[in-house]
Amino acid sequence: MDLRKLFAPTRVAHAHCDIPCGIYDPHQAQLAAHSVIRMVELITALERSDESTAEHQIARYTAVKEEHAELVKREVRIIWGDYFKPEQLQEYPNLHTLVFEIMKLASTARQQINKEASQSLLGKVQEFAEIFYKTKGRETKRVATVYPTGGELVQPV
Amino acid sequence: MILAAWVAAQRRFIAFAVSGSSMEPSFCDGDFILVDVGSGLRPGDPAIFRDPRQPQRELIKRVKAISPDGWLNLAGDNPDASTDSRVFGAIEPALIVGRACVRYWPPKRAGLLRRAR
């Protein structure tokens with residue numbers, strides 16, 4: 001006989017969080033950082049034979065660069081603000097500085113056509129991703145992307 | 001006689017299954033508890049009450065403070081996984097169902113739940 005079933009109450013006392021999701025992943029932030037690099041490449045390589053076409057393309061690339069730099073900030077901020085706990089900060093004392101650097105680099109990447117800033121942004125986001133996966137008890141590896149930007153993605157092993 | 005005692009107990013105690021992790025480590029998902037519906041509450045007591053936003057749903061949280069007019073401030077023991085008075089504010093005493101006083105499942109962790117002093 002299943003004793004647990006026999007004694008099971010019919011009423012439930014909820015001990016929940018309204019949104020108990022636990023779904024966090026720095027993958028999206030990495031994709032967005034790659035997109036920023038790609039937009040810088042496209043803007044830099046743009047041919048200007050037809051002025052109005054070029055202006056239109058610049059406007060589109062810039063809009064996407066803005067959007068994805070902002071997406072990096074948003075994704076990192078959510079993981080930093082909602083996922084990380086004070087205890088983990090003791091283990092990764094540079095986390096706040098790293099997030100601050102990501103915010104600043106993402107702003108620079110938005111404001112300028114700046115290849116170095118967008119590459120550094122990706123590098124910092126990768127460091128952030130490695131810390132995140134380590135707090136989940138997972139080792140990470142860097143794999144080559146399939147994007148035109150080349151470079152790498154941090155993935156859990 | 002035994003039946004009468006059982007009926008009396010039914011009136012005073014209601015069994016609840018705990019669902020969720022906002023009261024860990026004191027109460028875990030799947031714990032079965034008895035709730036004393038005739039008991040007053042003091043700060044530190046685990047309370048069952050109706051969700052002020054959705055009264056057909058019953059919640060378990062710990063009493064943090066009681067105001068002079070009887071309103072209760074409640075919080076989860078595991079604040080990172082809890083929606084409580086930080087979100088819905090203090091609750092009126094009419095929403096209180098009772099105090100969790102016994103855990104009877106799982107057997108290994110069964111026993112009376114001590115009150116805060």
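Read from the N terminus, the elements of chain A follow the order α-β-α-α-α-α-α-β-β, which amounts to six helices and three strands. Helices here are DSSP runs of H or I with at least four residues and strands are runs of E with at least two, numbered from the N terminus. The model is predicted, so local features need pLDDT of at least 70 and side-chain atom pairs count only at pLDDT 80 or more, while totals for chains, interfaces and linings use all residues. Residues are numbered from 1 along each chain as its sequence is written, chains are lettered from A and ligands numbered from 1 in the order in which they are written, and side-chain values use heavy atoms, with hydrogens and water left out.

Of the 157 residues in chain A, 38% are buried; buried means under 20% relative accessible area, exposed over 50%, and partly exposed in between, with a 1.4 Å probe and protein chains only. Contacts (heavy atoms within 4.5 Å) between residues at least 6 apart in the sequence of chain A join residues at least 24 apart in 62% of cases.

A nonpolar core is a set of buried Ala, Val, Leu, Ile, Met, Phe, Trp, Tyr and Cys residues joined through side-chain atoms within 4.5 Å. The largest such core has 30 residues, of which A:Val72, A:Val76, A:Phe84, A:Ile102, A:Leu121 and A:Phe128 touch the most other members. Two or more residues of this core come from each of α2 (27-44), α3 (51-83), α5 (95-111) and α6 (115-135) of chain A, and α6(A) gives the largest share, nine residues. Beyond residues up to four places away in sequence, A:Phe128 touches A:Pro26, A:Val76, A:Ile79, A:Trp80, A:Phe84, A:Leu95, A:Leu98, A:Val99 and A:Ile102. Another core, of 14 residues, lies apart from the largest one and includes A:Ala15, B:Ile14, B:Phe16 and B:Leu113.

Helix packing in chain A can be followed through α2 and α6. The axes of α2(A) and α6(A) come within 9 Å and cross at roughly 170°, where axes are lines fitted to C-alpha atoms, for helices over the stretch in contact, and angles run from 0 to 180 degrees between N-to-C directions. The two helices are therefore roughly antiparallel, a label that applies to angles over 145 degrees, with those under 35 counted as roughly parallel, 65 to 115 as roughly perpendicular and the rest as oblique. On the α2(A) side, the residues that meet α6(A) include A:His27, A:Ala29, A:Gln30 and A:Ala33, and those they meet in α6(A) include A:Lys115, A:Ser118 and A:Gln119.

A:His34 of α2(A) is also listed among the residues meeting α6(A), and the side chain of A:His34 makes a polar contact with that of A:Thr149 at 3.2 Å. A polar contact is a pair of N or O atoms within 3.5 Å; within protein, one must be able to donate a hydrogen and the other to accept it, and residues adjacent in sequence count only if both atoms are side-chain atoms. A:Thr149 sits in the loop between β2 (140-144) and β3 (152-156) of chain A and counts as buried because its relative accessibility is 16%. Neighbours within four places in sequence aside, A:Thr149 is in contact with A:His34, A:Ile37, A:Arg38 and A:Glu41.

Chain B has two helices and seven strands, in the order α-β-β-β-β-β-α-β-β from the N terminus. Buried residues account for 44% of its 117 residues. Strand β2 (residues 32-36) of chain B is largely enclosed by the rest of the structure, because four of its five residues are buried. Strands count as paired if DSSP finds at least two bridges between them. β2(B) pairs in the antiparallel sense over five bridges with strand β1 (residues 13-19) of chain B, and likewise in the antiparallel sense over five bridges with strand β6 (residues 96-105) of chain B.

B:Ile14 in β1(B) stands opposite B:Val35 in β2(B), and their C-alpha atoms, 21 residues apart along the chain, are separated by 5.1 Å. A cis peptide bond joins B:Trp105 to B:Pro106, with omega about 0°, and B:Pro106 lies in the loop between β6 and β7 (111-112) of chain B. The bond from B:Glu24 to B:Pro25 is also cis, with omega near 5°, and B:Pro25 is in the loop between β1 and β2 of chain B.
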